[in-house]
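Subject: Structure handover

Hello,

Here is the structure for you to look through. Please open it first, then read the notes below.

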Amino acid sequence: MRRYFFLITLFVAVCLSAVEAAIAQNQIQHLKVTDFGAKPDSREDTRQAFYRAVQACGGENAVIEFPKGRYDFYSEKDSDATTAMYLRRAKNLTIDGGGSEFVFHGKMRILLVEESQNVTIRNFSTDWDRAYISQGEFVKITDEYVDLKIDPTLYPFKVVNQRISFIGE
């Protein structure tokens with residue numbers, strides 16, 4: 001009888017250990033990008049801090065939190081394919097902006113998610129520091145010329161060989 005009691009107790013202990021291990025594997029981590037170097041409202045690039053947070057959780061079973069503020073994301077120089085937040089093979093991952101404003105600089109994608117499951121993106125707004133377009137007012141149009149008024153502080157430009165080029169991000 002004692003032998004059966006011992007075996008049953010051992011079986012229950014092993015089962016509980018397996019259940020605890022399974023629960024621990026699926027626990028959700030809460031990570032703040034500020035713990036990985038992001039500085040809200042500083043206008044510093046947030047991309048690397050974001051990637052360090054993703055790397056810390058392995059892209060799985062986590063909520064990556066942005067404490068409320070402005071976070072800037074800068075494109076790589078001379079790149080047409082910079083992505084601010086790139087997730088590949090992420091699983092059970094939430095990006096929570098916490099009501100923050102994400103501001104992008106230059107040519108870039110906001111987000112790219114590939115080969116992933118159960119990814120949630122929430123609670124942030126997006127904007128560009130300088131829009132992709134430049135605006136002006138047509139003052140006069142004739143057969144010979146176009147007179148265009150452009151605010152150089154908002155839309156910096158230069159004219160070389162009678163061609164206008166806009167300067168900026």
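**What was found**

Start with Asp127, which touches Glu101, Phe102, Val103 and Phe104, leaving aside residues up to four places away in sequence. Keep in mind that this is a predicted model.

Where does Asp127 sit? Its place is in strand 7, residues 117-128. Take Asp127 and Phe104 as a pair. They are 23 residues apart in sequence. In space, their C-alpha atoms are 6.3 Å apart.

**How the strands pair**

Look at strand 5, residues 91-105. Strand 2 (residues 60-65) runs parallel to strand 5, and 5 bridges join them. In this pairing, Glu60 stands opposite Lys91 of strand 5.

Strand 3 (residues 70-74) is also parallel to strand 5. How many bridges join strand 3 to strand 5? There are 5. Phe73 has Phe104 of strand 5 as its bridge partner.

**A buried threonine**

Next, find Thr46. It is in the loop between strand 1 (29-32) and helix 2 (47-57). Is Thr46 buried or exposed? Thr46 is buried, because its relative accessible area is 1%, and buried means under 20%. What does Thr46 touch? Not counting residues up to four places away in sequence, Thr46 touches Ala38, Phe66, Tyr71, Asp72 and Phe73. Phe73 is the residue paired with Phe104 in strand 5.

**A nonpolar patch on the surface**

Now turn to the surface. Which residues form the nonpolar patch there? They are Phe138, Ile141, Val146 and Leu148. Together they have about 410 Å² of accessible area. Strand 8 (137-141) and strand 9 (146-149) each supply at least two residues of this patch.

Phe138 lies in strand 8. Phe138 counts as exposed because its relative accessibility is 54%, and exposed means over 50%.

**Two positive phi angles**

Two backbone angles deserve a look. Arg89 is not a glycine, yet it has a positive phi of about 60°. Arg89 is in the loop between strand 4 (82-88) and strand 5.

Asn123 is not a glycine either, and its phi is positive, at about 65°. Asn123 is in strand 7. It counts as partly exposed, at 44% relative accessibility.

Last, check the confidence. The protein chain has an average pLDDT of 84. A score of at least 70 is reached by 83% of the residues. Where is confidence lowest, and where is it highest? It is lowest in helix 1 (residues 2-25), with a mean of 48. It is highest in strand 2, at 97. Over residues 10-24, the pLDDT is below 50. Beyond near neighbours in sequence, this stretch has 0 contacts in the model. Where pLDDT is low, predicted coordinates should not be read in detail.

Best wishes

Methods
Residues numbered from 1 in each chain as written. Predicted model: local features only at pLDDT ≥ 70, side-chain atom pairs only at ≥ 80, totals over all residues. Heavy atoms only, no water. Helix = DSSP H or I, 4+ residues; strand = E, 2+ residues; numbered from the N terminus. Contact = heavy atoms within 4.5 Å. Buried < 20%, exposed > 50% of the residue type's maximum accessible area, 1.4 Å probe, protein only. Pairing = 2+ DSSP bridges. Patch = residues over 30% accessible without salt bridge, like charges linked within 9 Å, V, L, I, M, F, W, Y side chains within 5 Å. Areas by Shrake-Rupley, 256 points an atom, 1.4 Å probe, with all protein chains shown as cover. Salt bridge = Lys/Arg side-chain N within 4 Å of Asp/Glu carboxyl O. pLDDT = per-residue confidence, 0-100.
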